[in-house]
Every structure is written in C-alpha cells, then in structure tokens.
Amino acid sequence: MPTHKKTAPSHAWIAFGGNQGDVRNAFKSARKNIAEHPDCKLLHSSLLYQTPPLGPAGQADYLNAVVAISTYLEPLNLLAILQDIERIHGRIRHEHWGPRTLDLDILAYDDLHLQSHTLTLPHSQLHLRQFVLKPLCDMNPQWLHPSIKKNASELLQSLLDSGEEPLESGSPW
Ligand code: ADP
Ligand code: MG
C-alpha cells in the first residue's frame with residue numbers, strides 16, 4: 001500500500017489483545033515495533049490486564065492493554081502496519097474471536113468517523129469492553145468517545161452499573 005504522509009500528526013489509540021503463547025513478550029515486542037516506526041511516536045501505555053475470554057468457549061484468559069501514539073500515517077496505512085506487526089508475531093486468522101497470539105485494533109484516530117469495509121472508527125465495540133475502557137481510563141479517564149460523547153470513565157461506569165464484574169487490577173509491562 002502506498003504511504004501517504006500527513007503534514008501534521010494525529011493521535012491514535014491502539015488496543016492490544018492476545019491469549020496464545022508468551023503474550024506479554026509479544027505485547028512488549030509489538031509496542032517496540034510501533035515505537036520504532038519512523039512515522040509513529042509512543043505517547044502512553046496503560047497497565048496490562050488479565051481478562052476472561054469472549055467468544056468460543058474453552059479458551060485461555062486474555063491479556064489486554066492500550067497504547068496512545070501520535071502518527072503521521074493515514075488510518076488505513078496505520079492498520080496495514082499493525083497487521084504486519086500481528087503477522088510478525090505469528091497471528092493467523094482462524095475463527096472470529098478465536099484464540100490469537102496478538103490482536104492490534106485501532107480504537108480511535110483523532111475524532112474521525114469512518115465506516116469502510118476494512119476499517120471502522122471509532123472501533124465498534126470500544127464502549128462495550130471493560131478491557132478497553134479500563135486501560136483508556138489509566139491513561140486519561142476524560143478521554144472522550146468521538147461519537148457517543150461520553151468519556152472513558154462514564155462508559156466504564158455504565159458497564160459496572162449494568163452488573164458486570166470489574167476487571168482485576170492491572171500491572172505494568
Ligand atoms: P477482531 O479484532 O474483531 O477480533 P480481526 O483482528 O481478525 O478480528 O479483524 C478483522 C478485520 O477487522 C480486520 O481485517 C480489519 O480490516 C477489520 N477492522 C475494522 N475496523 C477495525 C479497527 N478499528 N481496528 C482493527 N481492525 C479493524
Ligand atoms: Mg483485530
């Protein structure tokens with residue numbers, strides 16, 4: 001894919017997930033790949049959370065975290081880079097929500113709204129997932145969802161108010 005470089009950087013929030021192999025090491029290595037990309041700068045990392053699996057039963061627990069970056073990459077170029085990094089870490093796409101070594105999703109890109117075949121921004125599930133909202137709260141509880149117009153802390157509280165068990169506390173990585 002040709003890289004169209006922007007003249008001013010954007011902010012993007014990237015969700016990390018995985019439940020196969022040495023996930024913590026895969027996360028650290030992928031974060032390094034992102035930080036070392038010439039068009040990306042790592043701004044913040046959330047804590048790391050161990051979370052129960054969604055989707056097919058019998059899977060191992062997941063690890064989840066979020067990082068904030070500034071980037072000169074356009075959203076589709078950023079997605080392509082993240083998919084390259086998934087591949088380097090042995091990601092093979094099998095069943096939907098099935099086990100994976102490394103999943104890198106773009107949660108949001110500035111306050112851009114995009115709905116295409118390959119990329120939905122903000123991420124369609126972001127407001128429904130404690131494992132995304134809690135890490136966002138670690139970095140900035142006031143982080144505003146670009147379309148729902150509620151902040152990460154309010155969105156997390158709605159899930160807890162609906163009776164979800166809170167995540168166990170996170171750890172540095
Ligand atoms: P999931 O992340 O839903 O578990 P995959 O990682 O296999 O599943 O992604 C499936 C497809 O979702 C990707 O090929 C990508 O084109 C698309 N996609 C749509 N929106 C996003 C997003 N915001 N971040 C990452 N991938 C996305
Ligand atoms: Mg994904």
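Reader: Which residues is Pro 135 in contact with, once its neighbours within four places in sequence are left aside?
Author: They are Ser 46, Leu 47, Tyr 49, Asn 64, Ala 65 and Val 66. Contact here means that two C-beta atoms, placed from the backbone, lie within 7 Å. Please keep in mind that this is a predicted model: local features need pLDDT of at least 70, side-chain atom pairs count only at pLDDT 80 or more, and totals for chains, interfaces and linings use all residues. Residues are numbered from 1 along each chain as its sequence is written, while chains are lettered from A and ligands numbered from 1 in the order in which they are written.

Reader: Where is Pro 135 found?
Author: Pro 135 sits in helix 3, which spans 130-139. Helices are DSSP runs of H or I with at least four residues, numbered from the N terminus.

Reader: What do the buried residues of helix 4 pack against?
Author: Helix 3 is their partner. In helix 4, residues 152-161, the buried ones are Ala 152, Leu 155 and Leu 156.

Reader: How do you know that they line one face of the helix?
Author: Looking down the axis of helix 4, the buried residues fall within an arc of 100 degrees, so they share one face. That arc is taken from the directions from the helix axis to the C-beta atoms.

Methods:
Buried ≥ 20, exposed ≤ 12 C-beta atoms within 10 Å, placed from the backbone. Helix = DSSP H or I, 4+ residues; strand = E, 2+ residues; numbered from the N terminus.
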